[in-house]
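Here is a short note for someone opening this model for the first time. Please read it with the structure in view.

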Amino acid sequence: MKRVPRTMAAVRSSVRSGASRLVDRVRNRDAPRDRQALSSLAGEVALRTFRREEVLSHQNQIFEDSLRLSRSFSGPNFKRVGRDDLVRMVKMYDARFFDGKVLPLAAAEGMDFSISSRMTKVAGKLVTHYPDGTAKGKRRFELVLSSTLLFQTFEDQGQKVEVTGRTCMNRLEAMQRVVEHEFVHLIEMLVWNSGNCSEARFQSIAKRYFLHTDYRHSLITQRERAAMRFNLRLGDQVRFKHDGKVLEGRVNRITRRATVLVPSHRGELFCDGRRYQRFYVPLEKLQKAS
Ligand SMILES: [Zn+2]
């Protein structure tokens, strides 16, 4: 959503009518790239440390509050996620870890949030737009979360996924880790106008604030794991042993196990007009047939 520019008269009148907190907000909104505020934030994020239990307790509270306040979440392995869930979560992080200082500074320059179902390579991203075409000019930040990657994982009960070096038991935990990672990107861009999660400064912040031990933030799906470790993809022709016989079929689905369709006159009728029996085979038991 575009922010409507306010006239100075409007600013003055709201300053007069409001409390001092409002004055701060107005000042922030109207002072993009406030040098003093940004350098004080830089000093803080470069040094601040938290006790491990403190971080875990904040993260836990954000987990609970997200579940309680969301209109979309049916549980930790939710099937829907709204933009409002993302915005609320980012605000909670700002409030608990940065005393609410980061978002007003970002919003002074322009801050958008979105959920994307088309983003399939990374679970989240932080984009800095430079509408003037120069890094010294105006900026606008955009934090995007991939719903597709979240929904592709935790399809099975008890599945665990590693994000940012931490084991996640469900979608909500994974979403938190991704949001934390992107939040660190936002801070680096805001304060230093540069940054990279493969570098020391990023990793130091991510570790001190959120206990991240790895900068990789893509959710490794079972499908990707299968592709990497076992060189298996959907549609591959495979062989496996079943009751002492070797069967051959096609990989139809990959979760923790692969669903292999084996042609059989006793099987179910599929949309290609043929009959197949389904077998659920552990990935390591499959052999490529061709
Ligand atoms: Zn990153």
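1. Start with helix α6, residues 102–109. Six of its eight residues are buried, so the helix is largely enclosed by the rest of the structure. Bear in mind that this is a predicted model.

2. Which residues of α6 are buried? They are V102, L103, L105, A106, A108 and E109.

3. Now the three-stranded sheet. This sheet is open, its order is β1-β3-β2, and its pairing is mixed. β1 (111–116) and β2 (124–129) are the edge strands, each pairing on one side only. On average, neighbouring strands here are turned by 20° against each other, direction ignored.

4. Look at the pairing of β2 with β3. Strand β3 covers residues 140–146 and runs antiparallel to β2, with six bridges between them. One place to check is H129, whose bridge partner in β3 is R140.

5. What packs on this sheet? Helix α8, residues 171–192, does, and it touches β2 and β3. The direction of α8 makes about 20° with that of β2.

6. Turn to the five-stranded sheet. It is open and antiparallel, in the order β9-β8-β7-β6-β10. Its edge strands are β9 (275–282) and β10 (287–288), and each pairs on one side only.

7. Finish with the contact between β6 and β10. Strand β6 spans residues 237–242. Two bridges join β6 to β10, and the two run antiparallel. Here R239 stands opposite Q287 of β10.

How values were computed. Residues numbered from 1 in each chain as written. Predicted model: local features only at pLDDT ≥ 70, side-chain atom pairs only at ≥ 80, totals over all residues. Pairing = 2+ DSSP bridges. Helix = DSSP H or I, 4+ residues; strand = E, 2+ residues; numbered from the N terminus. Axes fitted to C-alpha atoms, helices over the stretch in contact; angles between N-to-C directions. Contact = placed C-beta atoms within 7 Å. Buried ≥ 20, exposed ≤ 12 C-beta atoms within 10 Å, placed from the backbone.
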